[in-house]
Amino acid sequence: MLTIDGVTVRLGGRAILERASATVPVGARVGLIGRNGAGKSTLMKALIGEIEPDDGEISKPARAKIGYIAQEAPSGSKTPEEVVLASATERAELLAELETCTDMDRMGDVHERLLAIDAYSAPARAAKILNGLGFDEEMQQRPVDSFSGGWKMRIALGALLFSEPDILLLDEPSNHLDLEATLWLENFLKSYPATLVVISHERDLLNKVVDHILHLQGGQLTLYPGGYDAFEKQRAERAAQLAAAKASQDAQRARLQDYVARNSARASTAKQAQSRAKMLAKMQPIAALMEDPSLTFDFPDPSELKSPMITLDHAAVGYGEAPPILKRLNFRIDADDRIALLGRNGNGKTTLARLLASQLVPAEGEVNAPGKLKVGYFTQYQVEELAGEDTPLDLMNRAMEGAAQGAIRAQLGRFGFSGPRANQRVDKLSGGERARLALALITRDAPHLLILDEPTNHLDVDAREALIQALNNYSGAVILISHDRHMVELTADRLILVDNGTAREYAGSMEDYIDFILSRNQPKGARDGKAKGAKGGALAGTDLRAAQSDLSKAEAAIARLSAEVEQLDSEILALSAKAGGQAGSAMQALLTKRARAADSLAEAEQSWLAAGTMLEAIGQV
């Protein structure tokens, strides 16, 4: 059991954790969440002993091995496989001892221990982990120093997972991963046999992997059972309870204050007034749940631009004299498109994004776009390169040189930098605040097309939801590269797969793509079996009839429910016109009935799409 008992940690004179307490059960999988800057990483450092609490105590099971990724990425001439294998320290020490051991009895003991810890299957297990994190066989044998920083952090993550600590601590493990590796990591963590504490802002990971949410807010910890959706529901209920309690207390406080004011001067009631004044002094104020008013994204709408916005005609793109990375690019982007680029890291998603942003020119073919097209291109490099001594106002003044101060401040205000926040130094901003500032800078001239390359890496869950809402409200086109499939599913209505040296439309849904990735990550035999089952003779018989039946049923349900929703809309309008604001329970009953019918209609439409997809698959056999 991991126990945090009244822990206080102060940094720079400010209390990051203040008498924080929580108990993590043995074997629990816990998602540690909180706003950016709340102190999640500080708590992690306290758990591993890197930070000594100013007060309180953290207790762990005796002899429990704690695993945490070091801040420095691995380096040197070792291969990723060697780095991962070396993380199993007992195995490495026993193998090293065997090389010099001359005592036959000791050699026998060492061999027995190596068998007991399954040491001889370790290379296969290490290769499986590295493969899941995106390293093919050739990459596993390259020197670590040949990889970029992001890939080195993947190696560090692989080594940590391979070491199988009793308490596994992960701080934003998916930040350096693509969607494919993130899905693999989720499946790995689902079956992790020991205690897990993970800082993550990935809603899907928090729903599918963890069984508790540890919420850090205002220096305090609260443990909730269930995943993120369950936490949100409980938090909403708690917020409502707090709001009601606060309103009741405020009313009571007002009555007491009124009584004291009216009766303190009268001798007959002075004693009672004094008693009530003491009650007021002892009354602990109930604080409503804190919300961040600066959590704002508001993209300026662009001027109208006719479709197609960009057309690629047999285009190819690469770098310098090297062979093109992508060829045979043939598609168009319209003014209202919402596109997600899919594919593993290294396949060329960022290269395609840079071509569309006119940062690269086509090596072959043509890329056509109107001269007045304005593109806002967001990358993580922009976040990291923001000058530390500048303020948001300094940066926006330079970016919008010659613009009126009102317009400059309005653009900053769209992204939460109003008033004093516009004059904070950039090096004092959190990662999420810097990401918001970068978005404010790239959208200052109301671009027609937003290209966002991993925009969520520094954003907490609430900030991601705010960004999703802002993108859905934005009237321009969006191209998104993200490993956060929750964001992709809620913002993209068109998928382009970047794979095998080209980019092409992906006809399926995001769910289909995830199924494809998971099946691709299975062993070959299982994958082949699944493929045969999907394209075998059964599809031509029983499954064909079932799909046709499902399609007919769904079509009938859609027709019936559409008519029902239309009828209810007419009744609601008629009642509203007749009764105005006095419809009361009758209106509520109609609205409830309409909501249920709309939900049923959505389910029928999903069934229709699923049956249609099945029939298309059968037709391709």
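A residue is called buried when its relative accessible area is under 20%, and exposed when that area is over 50%. In this predicted model, Arg91, Leu94 and Leu98 of helix α3 are buried. These residues cover an arc of only 70 degrees around the axis, so they sit on the same side of α3. The face turned away from the buried side carries Glu93, Glu99 and Thr100, which are exposed. The length of the helix was also checked. Helix α3 holds 12 residues, 89–100, and at 1.5 Å a residue it should span 16 Å. Its end C-alpha atoms lie 17 Å apart, which agrees.

A sheet was examined next. Six strands form an open sheet, in the order β14-β15-β16-β12-β17-β18, with mixed pairing. Strands β14 (375–378) and β18 (502–505) stand at the edges. Each has a single partner strand, so one side of each is left without a neighbour in the sheet. From one strand to the next, the twist averages 20 degrees. Strands of a sheet pair through backbone hydrogen bonds, either parallel or antiparallel. Strands β12 (residues 338–342) and β16 (residues 477–481) run parallel and are joined by three bridges. Isoleucine 339 has isoleucine 479, in β16, as its bridge partner.

The nonpolar cores were then compared. The largest has 49 residues. Phe297, Phe299, Leu437 and Leu439 have the most contacts inside this core. Helix α16 (residues 431–442) supplies the largest share, seven residues. Leucine 439 touches Phe297, Phe299, Phe378, Phe415, Leu452 and Leu467, with residues up to four places away in sequence not counted. Another core, of 41 residues, lies apart from the largest one. Ile33, Leu133, Tyr192 and Val210 are among its members.

Proline 300 and alanine 440 are 140 residues apart in sequence. In space, their C-alpha atoms are 9.5 Å apart.

Technical notes:
Residues numbered from 1 in each chain as written. Predicted model: local features only at pLDDT ≥ 70, side-chain atom pairs only at ≥ 80, totals over all residues. Heavy atoms only, no water. Pairing = 2+ DSSP bridges. Helix = DSSP H or I, 4+ residues; strand = E, 2+ residues; numbered from the N terminus. Axes fitted to C-alpha atoms, helices over the stretch in contact; angles between N-to-C directions. Core = buried A, V, L, I, M, F, W, Y, C linked by side-chain atoms within 4.5 Å. Buried < 20%, exposed > 50% of the residue type's maximum accessible area, 1.4 Å probe, protein only. Contact = heavy atoms within 4.5 Å. Expected span 1.5 Å × (residues − 1). Arc of directions from axis to C-beta.
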